[in-house]
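Welcome! Let us take a friendly walk through a protein model and look at how some of its parts are held side by side.

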Amino acid sequence: MKKHLLLLAALAAGGWAQAQVGRAPAYPLLTHDPYFSVWSTTDELTASPTKHWTGADQPLLGVLTVDGVNYRFLGQEAKGYETILPTADEMAYSVQYTEKEPKNGWNTLNFSDSDWKTGKAPFSDDKNQAATLWKSEDLWTRRSFTLKQVPASQVYLKIQHDDNIEVYLNGEKVYTHKGWITKVNYIPIQSKLKAGKNVLAIHVANTAGGAWLDAGLSSEMRSNEKTTMQAATQKSMDFTATQTKYSFTCGKVDLDVAFASPLLMNDLTLYARPVSYVTYRVKANDGAAHQVNFYFGVSSSLATNVPTQSVTAATASTNDYVALKTGTKEQAILKKSGDDLRIDWGYLYVAAPKQNQADQTVSTLPALKAQRSMITEGKSLFLNTIVNLGSVNATPKEQFLTVAYDDIESIQYFGTNLKPWWKENGSTIEREITAAIKDYKSVMEKCNDFDRQVYADAKKSGGEEYAKLCVLGYRQAAAAHKLVKSPQGDILYLSKENFSNGCINTVDVTYPSAPLYLLYNPDLLKGMLNGIFYYSESGKWTKPFAAHDLGTYPLANAQVYGEDMPVEESGNMIILTAAIVKAEGKPDYARKHWKTLTTWADYLLKDGFDPANQLCTDDFAGHLARNANLSVKAIVGLGCYAMMAEQLGEKATAEKYRKSTEEMVQKWMQIADDGDHYALTFDKKGTWSQKYNLVWDKVLGLKLFPQSVYEKEIKYYLTKQNSYGLPLDSRKTYTKSDWIVWTATLTDNQADFDALVKPLLKYAHETSSRVPISDWHETTDGKKVGFQARSVVGGYFMKLLNDKMK
C-alpha cells in the first residue's frame, strides 16, 4: 500500500499532465470493441502481462534500450511453450478412464488399465463442448506416452479442470488443487519425466456446477537471443476518457508512453476506425547524450481465441507505413459465439510511419534486435517493431506507432453477415491505417479536447469524485459495443453482455448505459434500440412486450435468454425512446415506431403496475413479485408514452395515459409506504430497495412523483450505506454501482450526492478485483461479485445527463 500511495503522489511530477482518475481496477490500453480490447491489470505497467478484458493473456511488451541496457516498461517477459503432450485445443487425443474408484497403484507406470474405458478429451458435462460426456462425481484418467529424450528446460502441466484435482506423473504427485480453473493454465512442476514410457494420471472430482478436464505437458521455449532486462521505474500514470499515459525513468533517459483509442462519439468515422495509437517520447535526464532504441512487441494471441491456434504472419507495408499482420490460419469468420471468448478471425496489424525507419520482424519469442529471417507461421508468435532513435539528449524526441484490427465481418444479423461500420463506404484497413497516421496530430488534439471536456463537464455537474468516476467508465462502456449498419440501412450499435451471459443487444444492458450516449450522440442509442424494434416490427418476435436480447454475441439472430422480462424490457424501450425524443427536441423517432410503442404501452397499462413474479434487470438477485421499483419503471414508461403522444398531437391518448399514471402514483405511494421509506415489494414491509427507476421522472421532467418521494428515499438510503456503497436492497449487501449513481441523482443536495458517490470511487481505488471495473460488487469488502468490463458503466453519466436535460 505504501508503494501505491507513493505512486499516486508522484502523478503530477511525470511527463504528462496530472492524472484525472488515479488508481483504477484495470487500465485500458487498446480498446475498441468486445474483441479488440487489451488492458493492464496492475498499477505498474511492468507488474503483469497485458490481458484481454476476459482475463486471458494478450501480451504486449515494451523495452527501451539505453546505451545497450534494456529497460522493460510494458508487460512482462513473454514465455513460449513447446508441446510435450498436447491438450485438446492443440490435437485430438484419447485416454483410459474409469468412473469407479480404482485399485491402489492406479497412478503408477506399470498399472494395468486394460479394463478401463477409452475416451477422447476434453471431458465435460456440456454435450456441446465435450468429446466425452462426464456427469459422475469422480473421474480417473491415465494417459501413457513415450519420450525419446527428456526436455532440458522447465516442464509445465498445461491444464484446465473443474473441480478438485490430483495429478500424478509416473506415480508421483505433481499438482493438487481444490476448486476449478476456467482457463488453460501453465503450472511449473518438478519434472518426473524419463526417456521411454511415461504416464500422466489424474483424479478429478466434480463437486458442484460444471465439469471439465483437459491436460497435457509443455516445456519452456528458450530464446536464441541472450537478452537481459530490468524493469523501468514508473513515475506516474494519467488516465483520461480516451487515453492512458505513463512516465518512466530508464536509467539516464526518461520515457513517456501513451495509449490512445480515439472513441469520440461525436465523430463516428473516427470512432469506428479500428486503430489505436502508441505514442512514445524520450529525453535524457542527465544533460548528456545517449544511444536509444525503442522496442514494441505484440503477441499473435490478440488474433486468437486460445494461444495454441495456428497463425500466419506477413509484412503488410505501403508507401506510407511499414506493417506486420497476423491472423489464424483457419479464419472461421463468425463461427463462434459466447461469453469467455476472443476473436479468432480477421487480422491484427502493427504499423509505424515510414519515416521512422522501423525494423519489423516476426519470431517465436520477443526479439529486441533486428533479424535476417522472419517466421511466417506458427503458434503464439511475436510481432516485433524496433526503432533506432539514435542520439537522445535533453531535447525530447517523440514518435508513434499504431495497432489496428480488421475483423472482415463483425456481426451476423438475422442470418446476414455485416461488415464493420468503417467498411460501409468501401474503405480498407490499409486506408484506415494510412488515415490514422496522416491524421495523428489532429486526432490527438481532438482526443485532448474531448478528455478535458468530459472531465470539466462532469466535475461541474457532480464534483471531482464524480468526474473521476465518469472518466473511469467512458472507454469501458464504449468498447463493449460494435458499430455496424443493418441491411435496412439503420445504425446498429450492439453491446456484448460481458461476463454476464454473452448476450448481444440486451435491452436491460442498454438501459443503464444509455446516459453516456444520450449526452454525446443519441444516434448511438438509436443503434441500441433499432434491432429490438426491427425484431418486433418484422414479425420475428410476436409477443406483446419487448424482447430481452437478439442472441449471443456476435450472432444476433433471435433471443436466446431462457426467460422473458416483459415489464422490464417494455418499460426500458419506451423510456429510452422518450429520452431520445427529449435529447433531439423532436418526436420523429417515436413516430417511426409508434405502433410498436403502443403495443408495449398497452401491455404495461394492463400488467405493469403490480408486476407478477417475473425477472427484472437485477435478475441475478432472483425473481421478485410485486416489485415496487419495477412498478416505478412501468409508471414512468407510461408517463413517457403520454409525453410522446402529446408531442405527436395525439391529445386523447396523452390524456388517457397521463391520468392513468397519476392514479398509479397515488396508489403506489399508498401500498409501497413503509413509514420512513418505501418497501422492496408491495407485500413485504420491513424491506427496502433503491428506487433508481425514479430518475427518469426527474431527468425527463415528467413530474409524476412528488419531490417528497425522492427526499424520503434519499434520507433513508443515507442510513444504509456501507464502506463501499449503498446495497442494492435489503436482501444482500452487494450493489450495482450504476444504480447508485442513478439513485444519487434523485437528490438536489450536493452533500447527499457526494455521500452516495464517494464510496464508489473508494471501491474503484481499493478493490482487490483487478479487472475492468465490475458494476456488481460487495459493499462490505469492495470485491467483485460478478460481471466485469460491461457497458453499463455508461450509467455513471446520469447526473451529467440530468443537468444537460434541464
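## Salt bridges and buried places

In this predicted model, the count of salt bridges comes to 44. As background, side chains of opposite charge can pair when their charged atoms come close.

| Salt bridge | N to O distance |
|---|---|
| E497 and R790 | 3.7 Å |
| D564 and K543 | 2.7 Å |
| K691 and E713 | 3.3 Å |

Begin with E497 and R790, whose side chains meet in a salt bridge. E497 sits in the loop between strand 34 and strand 35, and R790 in the loop between strand 40 and helix 17, so this pair ties together parts that are 293 residues apart in sequence. Both residues are buried. They also belong to a network of salt bridges that links E497, K736, D738, D775 and R790.

Next comes the salt bridge of D564 with K543. Are these two buried or exposed? D564 is buried, because its relative accessible area of 18% is under 20%, whereas K543 is partly exposed at 37%.

K691 pairs with E713. K691 is buried, with a relative accessible area of 0%, and E713 is buried too, at 1%.

Now turn to helix 11, where L638 has its place. L638 is buried, with a relative accessible area of 0%. Which residues does L638 touch, leaving aside its neighbours within four places in sequence? Its contacts are A601, L604, L605, Y657, T661 and M664.

Methods
Residues are numbered from 1 along each chain as its sequence is written. This is a predicted model: local features need pLDDT of at least 70, side-chain atom pairs count only at pLDDT 80 or more; totals for chains, interfaces and linings use all residues. Side-chain values use heavy atoms; hydrogens and water are left out. Helices (H or I, at least four residues) and strands (E, at least two) are DSSP runs, numbered from the N terminus. Buried means under 20% relative accessible area, exposed over 50%, partly exposed in between (1.4 Å probe, protein chains only). Contact means heavy atoms within 4.5 Å. A salt bridge is a side-chain nitrogen of Lys or Arg within 4 Å of a carboxyl oxygen of Asp or Glu.
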